[in-house]
Amino acid sequence: MTGWRAALLACLLLAPQLAAAAPDLLPFTPAERERIASHGPWPPAPAPDPSNRVDGQPAAVGFGRLLFFEPALSADGTLSCASCHRPERAFQDGRRSALGRDQGARNTPTLLDAAGHRWLGWDGAHDSLWSASVAPLQDRREMAASPAQLAAAVRREPRLAAGYRAAFGAAPGPDDGRVLVDLGKALAAYQATLVSARTAFDDFRDALARGDDEAAARYPLAAQRGLRMFIGEARCSVCHAGPAFTHGEFADVGVPFFLPGGGVDAGRHAGLVQLRASPYNRLGPHNDAGAADPRAVATRHVAPQHRNFGEFRVPGLRQLVHTAPYMHDGSLATVEDVLRHYSELNEERLHADGERILRALRLSPGQAADLAAFLRSLSTGPR
């Protein structure tokens, strides 16, 4: 037999073995594939905020970027938004709890994908990205500036005055409150551009959706097993739903809400009280769309209930490797700590209101490792 014929025969004989050695794809059912597809596509299409007239406008985005890194917006000129929301740390700070002019009680959330949230903050005290941006400028624990100080800084600093004029079409006027709101809206325009990058999961999800099982099989098998648990028996996707891996609402997940030094963090209950009283909510005079804003209906119909006490916003999971520590109080340092929390969950500590979603997962070491592999696949870069 000539050399080339022998080589051809060898290739034919080895073909089945080579195919078997190719990366594996779990036999996901049609229902599982549908649930997986619901976590995309990514990135989402932009959804302009009707309450912010400069949302999406390049001049406002540029002005908002300038403001985000500007310490002149703080009372003592030492802090900016980026002091706590650091770009190199996925727009959070890596601390257990935020540190501005004073120590906070809650973990600093990432700003990535914040434009997609219906409610902002761990307690949902804000119903727009611009109202959430106004709050830390004035909070005594954060930047602690008054509307008069903020407006004076914009009028005084030539680059800020020029940025304001470019974004809003006129110089800052005499109404300090109006200038404050405009600063929040420019900051929101910039933050709305902070969309997290695509991940290995997105490539897998898209391949599966188009029926390209060969491409889907490049996704690590451990991550596939973890994903199957995530959408299946572990029921994680009930709350961590959709493309951003959050349904955007609130839950008691068994994390204590006692504050250092005494007292409690009432969570969503207090957030709703604050939201309804805020002059910056979507029902107030600063909504640029007024009564035509379709998102205002949610604010109109929410009200604090006893069950909201100790509930906190379910965070998205994208880029979670870069947003540690976790939970509203930053009490869990690693992905493994979070999985251990849910594995050993004290169900007696949870609020009982209707159907109970959470239960102790009792994960085996292998199951925990698979879930961790899947969760890490939702992040880009070093893990």
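The structure holds one cavity of 30 Å³ or more.

**Basis.** I am working from a predicted model, in which local features need pLDDT of at least 70 and side-chain atom pairs count only at pLDDT 80 or more, while totals for chains, interfaces and linings use all residues. Residues are numbered from 1 along each chain as its sequence is written, and side-chain values use heavy atoms, with hydrogens and water left out.

**Cavity lining.** I counted as lining any residue with an atom within 4 Å of a point. The largest cavity is lined by 41 residues, and His 240, Pro 315, Gly 316, Leu 317 and Tyr 342 lie nearest its centre. Two or more residues of this lining come from each of strand 2 (312–313), helix 14 (335–343) and helix 15 (365–376), where helices (H or I, at least four residues) and strands (E, at least two) are DSSP runs numbered from the N terminus. Helix 14 provides the largest share, four residues. By class I find 27 nonpolar, eight polar and six charged residues in the cavity lining, with Ala, Val, Leu, Ile, Met, Phe, Trp, Tyr, Cys and Pro taken as nonpolar, Asp, Glu, Lys and Arg as charged, and the others, Gly among them, as polar.

**Largest pocket.** I then turned to the pockets, a pocket being an open set with protein on both sides within 12 Å along at least five of seven lines. The largest pocket has about 1,100 Å³ of space, and of its 47 lining residues His 126, Ala 135, Pro 136, Asp 139 and Glu 142 are the closest to its centre. The elements giving two or more residues to this lining are helix 4 (81–84), helix 5 (129–138) and helix 8 (176–191), and helix 5 gives the most, with eight residues. I list this lining as 22 nonpolar, 17 polar and eight charged residues.

**Second largest pocket.** I recorded about 930 Å³ of space for the second largest pocket, which 43 residues line, with Ala 47, Ala 114, Ala 115, Gly 116 and His 117 the closest to its centre. Helix 8 and helix 13 (296–301) are the elements that give two or more residues to this lining, and the largest share, three residues, comes from helix 13. This lining has 24 nonpolar, 11 polar and eight charged residues.

Note on methods. On a 1 Å grid over the protein atoms alone, a cavity is a set of points where a 1.4 Å probe fits but cannot get out, and a pocket is an open set with protein on both sides within 12 Å along at least five of seven lines; lining residues have an atom within 4 Å of a point. Grid points are joined across faces, edges and corners, and a volume is the space filled by probe spheres set on the points.
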